[in-house]
Number of protein chains: 2
Amino acid sequence: MSTQDAVKKAGLKATLPRMLILEVLAKTIDSEVHLSAEDIYKDLLTSGDDVGLATVYRVLSQFESAGIVTRHNFEEGHSVYEMTQDHHHDHMVCVDTGKTIEFHDPEIEKKQDDIAASHGYEIVDRSSVIFVKKTD
Amino acid sequence: MSTQDAVKKAGLKATLPRMLILEVLAKTIDSEVHLSAEDIYKDLLTSGDDVGLATVYRVLSQFESAGIVTRHNFEEGHSVYEMTQDHHHDHMVCVDTGKTIEFHDPEIEKKQDDIAASHGYEIVDRSSVIFVKKTD
DNA sequence: CTCCGTGCAAAAAATTTGCAACTCA
DNA sequence: TGAGTTGCAAATTTTTTGCACGGAG
């Protein structure tokens, strides 16, 4: 499914600002870098694309509702976003360098499912962040 | 160790505002409720204790550095705090009711340790939040 | 023409900071 | 006493909202 289709499927018009924002996010898909609204805004300005910051926030919010992007609140005073990927993954954040590493472990998820079930719940979303530092 | 000692050990004076803030947090230790700076501020005002909101923020920040309290960024636009407990635990947040359930699983932590180690890292902190809803 | 979307500016919400007054050790 | 603390107000930072204009069908 193209990004245009994904946007239309969400009941949103495939407008230029929206496509531009998706492009910026798409660039970081493999780099494990997560962008804030401000980051995306600046990136667009630098590229000569005049998109308002309010629009970036509005679009990200719409995309999040549509499941096109995922929002994270790691720890700073702002949210960061990434394009939603097929496979769920957790994050390892280096407290010294800020580097992010994504990982996935079926066993951990299975355990979490079991624990939720034992309390009468089912999981709708997960957010596991491990703060790490290089082993000396 | 008394709360006074904990504060002094952190190199902070055991002042009235600090003790009051700790008391408010202590009340919620068993309820699995997490308070925001604003919550604590209002609680104190209601009790007739005039502590400035800025002081609440400053003190919470100092307590967090000292390891006396733990800050969480579940998902809203603000942080919530709880007194640091001996045993690490993760959180299950009900998306419908906002209820929080704490749980702990050694196997999950072991797996996380292994994964971090395999990347050359060691874990300094964890934050796993599972968003759930009641099974139908 | 109508609706949806956008930019801009103002508003909110959350948190931090400067500074004079105050307090605990 | 005097370094550490506090309250208040002002400043920041992040995000949301109101509104008039603009573009696609």
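How far does a polar side-chain atom of Thr15(A) lie from a phosphate oxygen of DNA strand C? In this predicted model, the distance is 2.6 Å, within the limit for a polar contact, a pair of N or O atoms within 3.5 Å; within protein, one atom must be able to donate a hydrogen and the other to accept it, and residues adjacent in sequence count only if both atoms are side-chain atoms. The model is a prediction in which local features need pLDDT of at least 70 and side-chain atom pairs count only at pLDDT 80 or more, whereas totals for chains, interfaces and linings use all residues; side-chain values use heavy atoms, with hydrogens and water left out. Residues are numbered from 1 along each chain as its sequence is written, while chains are lettered from A and ligands numbered from 1 in the order in which they are written.

Chain A contains 5 helices and 5 strands, where helices (H or I, at least four residues) and strands (E, at least two) are DSSP runs numbered from the N terminus. Their order along the sequence is α-α-α-α-β-β-β-β-α-β. The C-alpha trace of chain A spans about 50 × 40 × 25 Å along its principal axes.

The surroundings of DNA strand C comprise 19 residues, the closest being Thr15(A), Arg18(A), Thr55(A), Arg58(A) and Tyr57(B); a residue is near a molecule or strand if one of its heavy atoms lies within 4 Å of it. Of the atoms of DNA strand C that come within 4 Å of the protein, 72% belong to sugar and phosphate. A base oxygen of DNA strand C lies 3.3 Å from a polar side-chain atom of Arg58(B). At least two residues of the surface near DNA strand C come from each of α2 (16-27) and α4 of chain A and α4 (53-66) of chain B. The element that gives the most is α4(B), with 4 residues. By class, this surface near DNA strand C has 7 nonpolar, 6 polar and 6 charged residues; Ala, Val, Leu, Ile, Met, Phe, Trp, Tyr, Cys and Pro count as nonpolar, Asp, Glu, Lys and Arg as charged, and the others, Gly among them, as polar.

DNA strand D is surrounded by 19 residues, and Tyr57(A), Lys13(B), Thr15(B), Thr55(B) and Arg58(B) are the closest. Sugar or phosphate accounts for 70% of the atoms of DNA strand D within 4 Å of the protein, and bases for the rest. Phosphate oxygens of DNA strand D are found 3.0 Å from a polar backbone atom of Asp50(B) and 2.3 Å from a side-chain N or O atom of Thr55(B). The side chain of Arg58(B) places an N or O atom 2.7 Å from a base nitrogen of DNA strand D. Two or more residues of the surface near DNA strand D are given by α4 of chain A and by α2 (16-27) and α4 of chain B. The largest share, 4 residues, is that of α4(A). The class division for DNA strand D is 7 nonpolar, 7 polar and 5 charged.

Two packed helices are described by the angle between their axes and the distance between the axes. Axes are lines fitted to C-alpha atoms, for helices over the stretch in contact, and angles run from 0 to 180 degrees between N-to-C directions. Angles under 35 degrees count as roughly parallel, over 145 as roughly antiparallel, 65 to 115 as roughly perpendicular and the rest as oblique.

In chain A, helix α3 (residues 37-46) packs against helix α4 (residues 53-66) at about 125°, with the axes 9 Å apart; α3(A) and α4(A) are therefore oblique to each other. The contact (heavy atoms within 4.5 Å) joins Ala37(A), Glu38(A), Ile40(A), Tyr41(A) and Leu44(A) of α3(A) to Leu53(A), Val56(A), Tyr57(A) and Leu60(A) of α4(A). By class, the contact has 8 nonpolar, no polar and 1 charged residues.

Between the chains, helix α5 (residues 106-118) of chain A packs with helix α5 (residues 106-118) of chain B at about 160°, with axes 10 Å apart, which makes α5(A) roughly antiparallel to α5(B). Residues Glu107(A), Ile108(A), Lys111(A), Gln112(A) and Ile115(A) meet Glu107(B), Ile108(B), Lys111(B), Gln112(B) and Ile115(B). This contact of α5(A) with α5(B) divides into 4 nonpolar, 2 polar and 4 charged residues.
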